[in-house]
Every structure is written in C-alpha cells, then in structure tokens.
Amino acid sequence: MMQHRLLGGTGLRVSSLCLGTLTFGDERPWGADEATSAAMLGAFAEAGGTFIDTAPNYGEGRAEEIVGKFLKGRRDKTVVATKFTASLDPHPLAGGNGRKAMRASVEASLKRLGTDYIDLLWMHFWDGTTPLEEILRGLDDLMREGKILYAGLSDTPAWLVSRALTLAEWRGWDRIAAIQIEYNIAARTPERELLPMAAALDLGVVCWGPLAAGALAGGEPTRMAKLPAPLAAAASALADVSRDTDYPAAALAIGWLIGRGHIPLIGARTGEQLAASLAMTDIPAEILARIDAIMPPEPGFPHALIGSSYLRRFALGDPQLIAAPRRPRA
C-alpha cells in the first residue's frame, strides 16, 4: 500500500503520490472519458492513494464533477485539492487572483465537487497583477469560513512565496502550506531557489510533470527522436538505467522524486498508464545517485559565484566549509 506523509509543516497527511485530473472528462484524444476517469480514481484509491488534484478548467469543469461523484461516501477519507485563477469564462471579472474571482471560483468548485469544503486550494499561477496582500487575505477569509482548510501556491516565483509567508506571519493570517512546481530529472531549475526555499520554510512540495508528459516513461525510439535534445538525452539515460536495473523507467523517475522527499503529481489517460505510475518500489540509494547524475542542474547566478572556492576562501578561509551543514540555532 502507498505510504503517507505530512504536507510540509502541517498536520495534513497525504499519500506519497497525488493523482492529477487534467485528462479527466476531456474528449480530446489525449483525454479520458468519464468511465475511464472513474476507474482510475478507483484504482488509485485501491492502491492506497488519498490525495487528488483537480482544477475548474480541467475538462471544462467535468474533472471536478467526476471527482465529486467519486467522493460520495468517502469524503472524509480523501484529500481534495483544486485551484483558482484560470477561468474558461472570457469575462474580465471571471479569472485572475483577485478576491472576487477567487471567491466565485471556490463557490463554483464546491458545487461541482458536491462538498462543503476544499482540503487544499491552490493559486493556480501568479497573475502578475493582484497585490499579494489581497490574495493572502482572501485565502485567510476562506479558511476562517471553513470553505478551505489549507492554501498553496502553484507556479509562483520563490521571492513571492517567501514574501507571502512573511506577510502572513506579520498579519496573523494562516500560512501557505505548500508549493506546486514543474520538477523532474530533466527540469531541475527549481533546485536553484524554489526547493531550498521550501526546505527552509517547511513547505510541502508537489511536483507536476514527473514524467515530462510521458517522455520519461520509456517509449518507442521514433517518439524519442521528436523530443527536444535535452529531454531526449535525459530520457535515453534513464532508459539505460532501466535496462541495467530492471526497474521501469516511470518507476525510476517517480521514485527519484519520492526519494527527495517530494510528492509526484501523476496523470494518466488510460488505466495502463496509471498502473505504470503506481508501480512504486523502494529504489536503492546507488540507483538514485545514478539517476541524480543524469542531468545535474547548473547553479546559475549568484549561486555559482558565492559557492566558488575563490570567494569562499575570502569569507571562511577554508573552501571546504561551503559543504558543511549549518548548525541549528539553540
């Protein structure tokens, strides 16, 4: 059965995998009809999964409706996350992160989900216009009303997340519980700012795109040839590890994220794809180290500069001190 863990610094226990519903209720070729979606929800629950992620714009609202039908009789045993920001309504008041749009989005999601509360509400992405104070106050109001239990920030720069936590602490508002980011072995830029920030501030980390839209799940060479060069290289290297170790490529990519303490957000179009992502197992440390070496991230500025032995010798004398962990304050 699937393991569970606390979401960041909260007391909310979630499964080590989160099931995404982007494909649910979408009639396009890459989508899943209602029957297939319902079957995948059942398979996820049967495997011990309790954490489901959806959004108002997935399947034009059908995804939330399908999840709502699944919740009947098992609401207290399921952690449901949905979002606000994106809207299918073109009206200028419908989308974005303002309090009016936020509240309207939540009320509509509650109806589609057939519930009176949302466990985790994500700001879907930073809109670049709404004052952060307005967003935080709106989220705090919804928590005080019991319409949402926790709040998170998805696809948001690290400096804004950090400021959000500082503002919430200063104002006495409920703090942000988690971030949602794109992160996989071929997309490692979050290691520059977002992940160190999350570790320092005790935020949960949910990772979308763990298989890079299936590119890291293994596949036919003809499909791999159509991928961007860096992603193709990562997929090829992961396939080599898979052949050498007999672990499926999807299990390796997902297991690598779990081994780093994060929650992969898995998605699927068919039951077979979901089964491949659910084929979890403990990956030995030496294999995780090999995966980690596939595409190590470039530290970028200013990390490469301030981490250089040239500068460290002026600050600390011994360049080796850069690798020494800081002692916690008493």
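With which residue does Arg-75 form a salt bridge? In this predicted model, the partner of Arg-75 is Asp-119, and the closest N and O atoms of the pair are 2.9 Å apart. Because Arg-75 belongs to the loop between α2 (62–71) and β5 (79–84) whereas Asp-119 is part of strand β6 (residues 118–123), the pair ties together parts that are 44 residues apart in sequence. Both partners are buried, Arg-75 with a relative accessibility of 12% and Asp-119 with a relative accessible area of 5%.

A search of the whole structure gives 20 salt bridges, among them one within helix α4 (residues 132–144), where Arg-144 and Asp-140 are placed four residues apart, about one turn of the helix. The side chains of Arg-144 and Asp-140 meet at 2.5 Å, N to O; Arg-144 is exposed, with a relative accessible area of 58%, whereas Asp-140 is buried at 1% relative accessibility. A further salt bridge links the side chains of Glu-145 and Lys-147 at 4.0 Å, N to O, and Glu-145 is partly exposed, its relative accessible area being 43%.

Thr-23, in the loop between β3 (18–20) and α1 (34–46), is buried, with a relative accessible area of 11%. A polar atom of the Thr-23 side chain lies 2.6 Å from the backbone oxygen of Ala-268, and, when neighbours within four places in sequence are left aside, the contacts of Thr-23 are Trp-30, Gly-31, Ala-32, Ala-268 and Arg-269. Thr-166, by contrast, is located in helix α5 (residues 158–171) and counts as exposed at 51% relative accessibility.

Helix α8 (residues 229–245) comprises 17 residues and spans 24 Å from its first C-alpha to its last, close to the 24 Å expected at 1.5 Å a residue. Its buried residues are Leu-231, Ala-232, Ala-234, Ala-235, Leu-238, Val-241 and Ser-242, and just after α8 a positive phi of about 70 degrees is adopted by Asp-246.

Ile-306, which lies in α12, is partly exposed, with a relative accessible area of 46%.

Terms used: Residues are numbered from 1 along each chain as its sequence is written. This is a predicted model: local features need pLDDT of at least 70, side-chain atom pairs count only at pLDDT 80 or more; totals for chains, interfaces and linings use all residues. Side-chain values use heavy atoms; hydrogens and water are left out. Helices (H or I, at least four residues) and strands (E, at least two) are DSSP runs, numbered from the N terminus. The expected span of a helix is 1.5 Å times one less than its number of residues. Buried means under 20% relative accessible area, exposed over 50%, partly exposed in between (1.4 Å probe, protein chains only). A polar contact is a pair of N or O atoms within 3.5 Å; within protein, one must be able to donate a hydrogen and the other to accept it, and residues adjacent in sequence count only if both atoms are side-chain atoms. Contact means heavy atoms within 4.5 Å.
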